[in-house]
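Biologist: Could you take me through this complex by question and answer? I would like the criteria stated along with the values.

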Amino acid sequence: MDLDVVLRVIAFVGAVVVGLSALQSLIAEWPKKGLDDHVTKVMLALLALGCVIVIFVAFGIFPGIAGPTKG
Amino acid sequence: MATHALTVDDATYQEVRDQRLLGFLFFLISDVIIFSSFIYGYIYLRSTAMAWPPPGIEPAALYMAGVNSIVLFGSGATMHYAMEFFKHGDKRKFVGYMIATIILGLAFLGGQAFEYFNLLHAGTTWPSSIYGAAFFTLTGLHGFHVFIGVIFLITVLIQAQRGTYTQQRYFGLTAGALYWHFVDVIWVALFSLLYVWK
(Lines give C-alpha, C1' and ligand atoms only; values in the text may rest on other atoms or scores of the structure.)
Protein backbone atom coordinates (compact mmCIF):
# COMPACT_ATOMS: atom_id res chain seq x y z
CA MET A 1 0.00 0.00 0.00
CA ASP A 2 1.13 3.55 -0.76
CA LEU A 3 2.83 5.20 2.25
CA ASP A 4 0.74 8.34 1.81
CA VAL A 5 -2.49 6.34 2.14
CA VAL A 6 -1.22 4.65 5.31
CA LEU A 7 -0.24 8.02 6.81
CA ARG A 8 -3.62 9.53 5.90
CA VAL A 9 -5.50 6.63 7.51
CA ILE A 10 -3.38 6.87 10.68
CA ALA A 11 -3.88 10.65 10.79
CA PHE A 12 -7.65 10.30 10.29
CA VAL A 13 -8.17 7.56 12.91
CA GLY A 14 -5.91 9.37 15.40
CA ALA A 15 -7.66 12.68 14.82
CA VAL A 16 -11.10 11.13 15.39
CA VAL A 17 -10.00 9.42 18.63
CA VAL A 18 -8.13 12.45 20.02
CA GLY A 19 -10.79 14.90 18.82
CA LEU A 20 -13.60 12.96 20.51
CA SER A 21 -11.51 12.68 23.69
CA ALA A 22 -10.93 16.44 23.64
CA LEU A 23 -14.64 17.13 23.14
CA GLN A 24 -15.60 14.71 25.91
CA SER A 25 -13.08 16.38 28.24
CA LEU A 26 -14.37 19.81 27.23
CA ILE A 27 -17.95 18.82 28.11
CA ALA A 28 -16.80 17.43 31.47
CA GLU A 29 -14.76 20.60 32.13
CA TRP A 30 -17.55 23.00 31.13
CA PRO A 31 -19.25 23.49 34.56
CA LYS A 32 -15.95 24.29 36.34
CA LYS A 33 -15.38 27.94 37.23
CA GLY A 34 -11.69 28.37 38.15
CA LEU A 35 -9.29 30.49 36.08
CA ASP A 36 -7.18 27.46 35.18
CA ASP A 37 -10.39 25.60 34.25
CA HIS A 38 -11.38 28.36 31.82
CA VAL A 39 -7.91 28.28 30.24
CA THR A 40 -8.10 24.50 29.98
CA LYS A 41 -11.48 24.80 28.19
CA VAL A 42 -9.97 27.14 25.59
CA MET A 43 -7.00 24.79 25.14
CA LEU A 44 -9.25 21.72 24.71
CA ALA A 45 -11.45 23.54 22.19
CA LEU A 46 -8.37 24.50 20.15
CA LEU A 47 -7.08 20.93 20.44
CA ALA A 48 -10.37 19.71 18.94
CA LEU A 49 -9.99 22.32 16.18
CA GLY A 50 -6.51 20.96 15.45
CA CYS A 51 -8.00 17.47 15.08
CA VAL A 52 -10.61 18.80 12.63
CA ILE A 53 -7.80 20.39 10.57
CA VAL A 54 -5.93 17.06 10.50
CA ILE A 55 -9.14 15.27 9.38
CA PHE A 56 -9.48 17.77 6.52
CA VAL A 57 -5.83 17.15 5.61
CA ALA A 58 -6.35 13.38 5.68
CA PHE A 59 -9.28 13.71 3.25
CA GLY A 60 -7.32 16.02 0.96
CA ILE A 61 -9.70 18.95 1.57
CA PHE A 62 -6.63 20.93 2.69
CA PRO A 63 -4.01 19.79 0.18
CA GLY A 64 -1.19 21.85 1.75
CA ILE A 65 1.88 23.24 0.04
CA ALA A 66 3.38 19.78 -0.41
CA GLY A 67 0.38 18.51 -2.37
CA PRO A 68 -1.27 15.11 -1.97
CA THR A 69 1.30 13.32 -4.12
CA LYS A 70 4.39 14.54 -2.28
CA GLY A 71 3.92 12.95 1.13
CA MET B 1 9.81 23.40 49.99
CA ALA B 2 7.10 20.75 50.09
CA THR B 3 7.05 20.71 53.88
CA HIS B 4 6.85 24.48 53.98
CA ALA B 5 4.00 24.53 51.47
CA LEU B 6 1.99 22.08 53.56
CA THR B 7 2.33 24.12 56.74
CA VAL B 8 0.40 27.16 55.48
CA ASP B 9 -3.36 27.25 56.04
CA ASP B 10 -5.80 26.66 53.18
CA ALA B 11 -6.81 30.32 52.78
CA THR B 12 -3.18 31.45 52.49
CA TYR B 13 -2.39 28.62 50.11
CA GLN B 14 -5.35 29.54 47.89
CA GLU B 15 -4.22 33.16 47.73
CA VAL B 16 -0.64 32.20 46.89
CA ARG B 17 -1.89 29.65 44.35
CA ASP B 18 -4.02 32.26 42.58
CA GLN B 19 -1.05 34.64 42.39
CA ARG B 20 1.21 31.87 41.05
CA LEU B 21 -1.42 30.92 38.49
CA LEU B 22 -1.76 34.51 37.30
CA GLY B 23 2.02 34.80 37.06
CA PHE B 24 2.22 31.57 35.09
CA LEU B 25 -0.51 32.73 32.71
CA PHE B 26 1.44 35.96 32.13
CA PHE B 27 4.45 33.81 31.29
CA LEU B 28 2.36 31.86 28.74
CA ILE B 29 1.05 35.13 27.28
CA SER B 30 4.65 36.37 26.89
CA ASP B 31 5.44 33.13 25.07
CA VAL B 32 2.41 33.68 22.81
CA ILE B 33 3.86 37.11 21.96
CA ILE B 34 7.23 35.54 21.03
CA PHE B 35 5.53 33.01 18.74
CA SER B 36 3.25 35.72 17.31
CA SER B 37 6.30 37.78 16.33
CA PHE B 38 7.83 34.85 14.44
CA ILE B 39 4.46 33.94 12.90
CA TYR B 40 4.00 37.53 11.72
CA GLY B 41 7.48 37.38 10.19
CA TYR B 42 6.58 34.13 8.42
CA ILE B 43 3.31 35.52 7.05
CA TYR B 44 5.06 38.67 5.84
CA LEU B 45 7.87 36.76 4.14
CA ARG B 46 5.48 34.31 2.56
CA SER B 47 3.01 36.90 1.30
CA THR B 48 5.80 38.94 -0.31
CA ALA B 49 7.53 35.94 -1.93
CA MET B 50 7.06 35.30 -5.65
CA ALA B 51 6.74 31.54 -5.07
CA TRP B 52 6.42 29.52 -1.86
CA PRO B 53 8.51 27.53 -1.33
CA PRO B 54 11.08 28.98 -3.75
CA PRO B 55 11.71 26.88 -6.88
CA GLY B 56 13.99 23.91 -6.25
CA ILE B 57 13.29 23.83 -2.51
CA GLU B 58 11.63 20.67 -1.20
CA PRO B 59 8.74 21.50 1.19
CA ALA B 60 8.03 19.52 4.35
CA ALA B 61 5.90 16.38 3.97
CA LEU B 62 2.25 17.04 4.82
CA TYR B 63 0.92 13.63 5.88
CA MET B 64 3.92 12.77 8.03
CA ALA B 65 3.40 16.10 9.80
CA GLY B 66 -0.31 15.25 10.17
CA VAL B 67 0.53 12.01 11.96
CA ASN B 68 3.11 13.80 14.11
CA SER B 69 0.49 16.45 14.96
CA ILE B 70 -1.91 13.77 16.14
CA VAL B 71 0.85 12.34 18.35
CA LEU B 72 1.24 15.76 20.01
CA PHE B 73 -2.53 16.37 20.24
CA GLY B 74 -2.92 12.90 21.75
CA SER B 75 -0.38 13.84 24.40
CA GLY B 76 -2.59 16.83 25.26
CA ALA B 77 -5.53 14.49 25.80
CA THR B 78 -3.49 12.09 27.98
CA MET B 79 -2.18 15.05 30.00
CA HIS B 80 -5.74 16.14 30.69
CA TYR B 81 -6.72 12.63 31.80
CA ALA B 82 -3.62 12.47 34.04
CA MET B 83 -4.71 15.67 35.79
CA GLU B 84 -8.25 14.41 36.25
CA PHE B 85 -7.08 11.09 37.71
CA PHE B 86 -4.76 12.94 40.10
CA LYS B 87 -7.63 15.15 41.27
CA HIS B 88 -9.75 12.03 41.88
CA GLY B 89 -6.94 10.33 43.81
CA ASP B 90 -6.21 7.54 41.31
CA LYS B 91 -2.40 7.65 41.49
CA ARG B 92 -1.84 4.53 39.38
CA LYS B 93 -3.76 5.88 36.37
CA PHE B 94 -2.22 9.31 36.92
CA VAL B 95 1.29 7.88 36.62
CA GLY B 96 0.27 5.80 33.57
CA TYR B 97 -1.17 8.77 31.71
CA MET B 98 1.77 11.00 32.66
CA ILE B 99 4.21 8.43 31.28
CA ALA B 100 2.07 8.15 28.13
CA THR B 101 2.19 11.95 27.77
CA ILE B 102 5.98 12.00 28.14
CA ILE B 103 6.40 9.14 25.63
CA LEU B 104 4.12 10.88 23.11
CA GLY B 105 6.07 14.13 23.60
CA LEU B 106 9.33 12.30 22.91
CA ALA B 107 7.73 10.58 19.90
CA PHE B 108 6.78 13.99 18.52
CA LEU B 109 10.37 15.16 18.91
CA GLY B 110 11.55 11.97 17.20
CA GLY B 111 9.14 12.63 14.33
CA GLN B 112 10.44 16.16 14.03
CA ALA B 113 14.03 14.92 13.98
CA PHE B 114 13.07 12.46 11.21
CA GLU B 115 11.45 15.30 9.25
CA TYR B 116 14.55 17.48 9.67
CA PHE B 117 16.74 14.61 8.48
CA ASN B 118 14.61 14.15 5.34
CA LEU B 119 14.54 17.88 4.59
CA LEU B 120 18.28 18.33 5.11
CA HIS B 121 18.87 15.28 2.93
CA ALA B 122 16.71 16.86 0.19
CA GLY B 123 18.73 20.09 0.37
CA THR B 124 16.23 22.20 2.34
CA THR B 125 18.47 23.75 4.97
CA TRP B 126 18.37 26.84 7.18
CA PRO B 127 20.54 28.99 4.84
CA SER B 128 19.27 27.46 1.58
CA SER B 129 16.23 29.73 1.27
CA ILE B 130 13.88 32.00 3.18
CA TYR B 131 11.47 29.04 3.32
CA GLY B 132 14.09 26.90 5.08
CA ALA B 133 15.01 29.70 7.47
CA ALA B 134 11.38 30.38 8.41
CA PHE B 135 10.47 26.69 8.66
CA PHE B 136 13.41 25.64 10.82
CA THR B 137 13.13 28.74 13.05
CA LEU B 138 9.44 28.24 13.81
CA THR B 139 9.47 24.46 14.18
CA GLY B 140 12.80 24.61 16.05
CA LEU B 141 11.43 27.14 18.53
CA HIS B 142 8.37 24.97 19.06
CA GLY B 143 10.45 21.79 19.33
CA PHE B 144 12.57 23.47 22.00
CA HIS B 145 9.36 24.24 23.93
CA VAL B 146 8.28 20.60 23.62
CA PHE B 147 11.68 19.49 24.91
CA ILE B 148 11.39 21.85 27.90
CA GLY B 149 7.82 20.59 28.41
CA VAL B 150 9.00 16.97 28.55
CA ILE B 151 11.56 17.92 31.23
CA PHE B 152 8.82 19.86 33.06
CA LEU B 153 6.49 16.82 33.03
CA ILE B 154 9.24 14.43 34.15
CA THR B 155 10.00 16.82 37.02
CA VAL B 156 6.39 17.11 38.21
CA LEU B 157 5.94 13.33 37.86
CA ILE B 158 8.95 12.75 40.14
CA GLN B 159 7.62 15.37 42.56
CA ALA B 160 4.19 13.74 42.56
CA GLN B 161 5.77 10.35 43.27
CA ARG B 162 7.67 11.88 46.17
CA GLY B 163 4.43 13.22 47.64
CA THR B 164 5.02 16.91 46.95
CA TYR B 165 1.46 17.30 45.71
CA THR B 166 -1.78 16.40 47.44
CA GLN B 167 -5.33 16.27 46.08
CA GLN B 168 -5.87 19.77 47.48
CA ARG B 169 -2.48 21.30 46.62
CA TYR B 170 -1.01 20.58 43.20
CA PHE B 171 -0.09 23.85 41.54
CA GLY B 172 3.05 22.40 39.89
CA LEU B 173 0.90 19.83 38.12
CA THR B 174 -1.57 22.49 37.01
CA ALA B 175 1.29 24.58 35.60
CA GLY B 176 2.73 21.54 33.82
CA ALA B 177 -0.65 20.71 32.28
CA LEU B 178 -1.26 24.31 31.17
CA TYR B 179 2.22 24.52 29.63
CA TRP B 180 1.69 21.25 27.76
CA HIS B 181 -1.72 22.37 26.45
CA PHE B 182 -0.09 25.65 25.37
CA VAL B 183 2.56 23.73 23.41
CA ASP B 184 -0.25 21.72 21.74
CA VAL B 185 -2.25 24.79 20.81
CA ILE B 186 0.78 26.61 19.36
CA TRP B 187 1.31 23.57 17.14
CA VAL B 188 -2.27 23.89 15.81
CA ALA B 189 -1.31 27.36 14.55
CA LEU B 190 2.10 26.27 13.21
CA PHE B 191 0.74 23.18 11.48
CA SER B 192 -1.94 25.29 9.78
CA LEU B 193 0.55 27.94 8.69
CA LEU B 194 3.58 25.85 7.73
CA TYR B 195 1.95 22.79 6.20
CA VAL B 196 -1.72 23.38 5.41
CA TRP B 197 -1.84 26.98 4.13
CA LYS B 198 -1.55 26.64 0.36
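Predicted model: local features only at pLDDT ≥ 70, side-chain atom pairs only at ≥ 80, totals over all residues.

Modeller: Residues are numbered from 1 along each chain as its sequence is written, chains are lettered from A and ligands numbered from 1 in the order in which they are written, and side-chain values use heavy atoms, with hydrogens and water left out.

Biologist: What is the mean pLDDT of chain B?

Modeller: pLDDT is the predictor's confidence in each residue, from 0 to 100. For the complex, the predictor gives an ipTM of 0.89 and a pTM of 0.91. In chain B, 96% of the residues reach 70 or more, and the mean pLDDT is 92.

Biologist: What area do chain A and chain B bury between them?

Modeller: Contact (heavy atoms within 4.5 Å) takes in 35 residues from chain A and 41 residues from chain B. Buried area is the accessible area (1.4 Å probe) that two parts lose on being put together, summed over both. Carbon and sulfur atoms carry 75% of it here, and the total is about 3100 Å².

Biologist: How many salt bridges are there between chain A and chain B?

Modeller: A salt bridge needs a side-chain nitrogen of Lys or Arg within 4 Å of a carboxyl oxygen of Asp or Glu. Over all chains this rule gives six salt bridges. Between chain A and chain B the count is two.

Biologist: Which helix gives the largest share of the side of chain A that touches chain B?

Modeller: Helices are DSSP runs (H or I, at least four residues; strands are E, at least two), numbered from the N terminus. Helix H1 (3–29) and helix H2 (35–58) of chain A each supply at least two residues of the side that touches chain B. The largest share, 14 residues, comes from H2(A).

Biologist: Why does the salt bridge of Glu84(B) with Lys32(A) join two chains?

Modeller: The closest N and O atoms of Glu84(B) and Lys32(A) are 3.2 Å apart. Because Glu84(B) lies in helix H3 (residues 62–87) of chain B and Lys32(A) in the loop between H1 and H2 of chain A, the pair joins two chains.

Biologist: Which residues are linked with Lys32(A) in a network of salt bridges?

Modeller: Lys32(A) also forms a salt bridge with Glu29(A), at 3.4 Å between the closest N and O atoms. Lys32(A) is partly exposed at 24% relative accessible area, whereas Glu29(A) is buried at 2%; buried means under 20%, exposed over 50% and partly exposed in between (1.4 Å probe, protein chains only). The residues in the network with Lys32(A) are Glu29(A), Glu84(B) and Lys87(B).
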